[in-house]
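Visitor: Could you walk me through this one? I'd like to start with the backbone and then move on to the side chains.

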Amino acid sequence: MLTREENELLCRVGPGTPMGELMREYWMPVTYDWELEPDGQPQRVRVLGEDLLAWRDTEGRPAFTQERCPHRGAGFFFGRNEHGGLRCAYHGWKFDVGGNCLEMPNEPSTSNFRHKVKITAYPAYDFGGIVWIYMGQHQDNPPPVPQFEWGLVPEDQRGHSHRFIYECNWMQALEGELDSTHIYFLHSRLNKEDSPRYGLYHPGQTAKFHVVNKEYGMMYGAERDEDGNKYWRVAHFLFPIYGMFPAINNGVVPLSIFMPIDDDNTMHFGVNWHPTKPLQGSRRPNFGLSDEPGVLGPPGPMKPERKGTFYPNWWAEISPETDFHMDLWAKKNRNFTGIPAVRQQDAALEWSMGRIMDRTQEHLGTADAAIIRTRRKLIAAARQFVEDGTPPPGSENPEWYTVRSCETLLPPDDNWEKALEPWLFASTTDYPDPCNTGRAEAARQGGRSLG
């Protein structure tokens, strides 16, 4: 349970808030690189409560700049992206990706006024198929982008599995990713004998948690008994917005990103990659839904373009307005919720907590150890940064982000950290399977890859 003051500190991310100032010291993933075309239409985005335009100039350089022209406040969205800059449609003032004014065609040719006017322009960077923004205090010399392995492997080894907006605060979305016991309830099928297409199954619905502090955040192992061995699910929290749930035996590693749009909305990206092998199928988000009741799939289609708002194409059709497409027959006969997508099962429960969860009313147990540790680390880091300028964990150490997760069986007496360390910290490309159990097949039959 948190105090009201702690909950406010944890959740509020606008300019001037402790968590908002902490977040601004990190590069934030905002949009896919293919959404911004050279000289293309600028896109409305919102990051940490700030409304901006995302665009790409003639030479392909990405940009995040203020939404309104400094002349008379007209919206740049209706302007022209052309010949190396963004031109306001009202009077033709034109600015480059660095915010510098290039032209003031309605001013006398002898005027030097353009040299005195500049717009807000944040550093932007393409990495791993995503365009990133840096909004922190080191604008002239930002730190490197975090070196996630998925941004370092060849493009055909990386997939962007899904993306949509969670209509709730970023922290409760992240907490769902760090909760290892909900998967065999929320994402479960009702009958063990049924196809794993209907959900996950494991007889052990409790776990013993081992939470380990790391420089980048924390790592945790969820331990369960299975056939005389220990079944381990090992995952990470990485500052400030990343949850890495367990990879399966085929070596494909997943990452969930929860980028705070503002206090009430969160952009959720799903990324997966393999350290050495090309991925099969599409490497862009899948919007399909199965026609068979109870079969779980991707998050489903997006709503028609919501013109006039930020991220107009990324609002999910499966949402509170449809009760998340909950099918009552499937709920009675196939899986725990009747909701047809794993990520929307998460969204339904997390959004049901309200836009910002009131954590003064909760009652946490031992299964919430990873969530408790993450909250404490975030709150402490925000306070230290505001009070004495201590650099936020990992903000200046991009190499810390080259980590992986896993699920596997280990002999009961093995030290899990030592046994799994080479894979977890990317010093080997051999997926750990000490018991030689063929976890890929076990995971497929049990549906664990969905979790």
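This is a predicted model: local features need pLDDT of at least 70, side-chain atom pairs count only at pLDDT 80 or more; totals for chains, interfaces and linings use all residues.

Visitor: Which residues does the cis peptide bond join?

Guide: The cis peptide bond joins F239 and P240, with an omega of about -10°, and P240 is found in the loop between β15 (229-238) and β16 (242-244).

Visitor: And which residues have a positive phi although they are not glycines?

Guide: D39 is one of them, with a phi of about 60°, and Y311 has a positive phi of about 45°. D39 has its place in the loop between β1 (27-32) and β2 (43-47), while Y311 is found in the loop between β18 (266-273) and α5 (328-333).

Visitor: Is Y311 buried or exposed?

Guide: Y311 has 3% relative accessibility and therefore counts as buried, the cut-off for that being under 20%. D39, at 33% relative accessibility, counts as partly exposed.

Visitor: What about D323, where is that found?

Guide: D323 is found in the loop between β18 and α5, and because its relative accessibility is 54% it counts as exposed. D323 and P304 are 19 residues apart in sequence and 18 Å apart in space, taken from C-alpha to C-alpha.

Visitor: Switching to rings: how many aromatic pairs are there?

Guide: The count comes to 27 aromatic pairs. Among them, Y32 and W34 form a stacked pair, with 5.4 Å from centre to centre and 20° between the planes. Y32 is buried at 0% relative accessibility, whereas W34 is partly exposed, with a relative accessible area of 34%. F148 and Y401 form another pair, which is edge-to-face, at 5.2 Å centre to centre and with 70° between the planes.

Visitor: What lies over the face of Y198?

Guide: R197 lies over the face of Y198, at 5.8 Å from the ring centre, and R334 also lies over the face of Y198, at 4.7 Å from the ring centre.

Visitor: OK, on to the surface. Which residues form a nonpolar patch there?

Guide: F185, L190 and F336 form a nonpolar patch on the surface, and together they have about 250 Å² of accessible area. L190 lies in the loop between α4 (183-186) and β13 (208-214), and because its relative accessibility is 37% it counts as partly exposed.

Visitor: Let's turn to charges. How many salt bridges does the count come to?

Guide: The count comes to 27 salt bridges. As a general point, side chains of opposite charge can pair when their charged atoms come close. One of the salt bridges here is between the side chains of R46 and D51, at 2.7 Å from N to O, and D51 counts as partly exposed at 33% relative accessibility.

Visitor: Which parts of the chain does the salt bridge of R355 and E167 link?

Guide: The side chains of R355 and E167 meet at 3.7 Å, N to O, and the pair links distant parts of the chain, 188 residues apart, with R355 in the loop between α6 (342-351) and α7 and E167 in the loop between β12 and α3 (170-177). R355 counts as partly exposed at 38% relative accessibility, whereas E167 is buried, with a relative accessible area of 15%.

Visitor: Why does the pair of R233 and E407 tie together parts that are apart in sequence?

Guide: The side chains of R233 and E407 meet in a salt bridge at 3.5 Å, N to O. Because R233 lies in strand β15 and E407 in strand β19, the pair ties together parts that are 174 residues apart in sequence. R233 is buried, and so is E407.

Visitor: And which residues do shared partners join into one network?

Guide: Salt bridges that share partners join R80, E82, R87 and E103 into one network.

Terms used
Residues are numbered from 1 along each chain as its sequence is written. Side-chain values use heavy atoms; hydrogens and water are left out. Helices (H or I, at least four residues) and strands (E, at least two) are DSSP runs, numbered from the N terminus. Buried means under 20% relative accessible area, exposed over 50%, partly exposed in between (1.4 Å probe, protein chains only). Rings of Phe, Tyr and Trp (its six-membered ring) pair if their centres lie within 6.5 Å; planes under 30 degrees apart count as stacked, over 60 as edge-to-face and the rest as tilted. A charge sits over a ring if NZ of Lys or CZ of Arg is within 6 Å of the ring centre and within 35 degrees of the ring normal. Patches are made of residues with over 30% relative accessible area and no salt bridge: like charges are joined within 9 Å, nonpolar side chains (Val, Leu, Ile, Met, Phe, Trp, Tyr) within 5 Å. Accessible areas come from the Shrake-Rupley method with a 1.4 Å probe; for residues, only the protein chains shown count as cover. A salt bridge is a side-chain nitrogen of Lys or Arg within 4 Å of a carboxyl oxygen of Asp or Glu.
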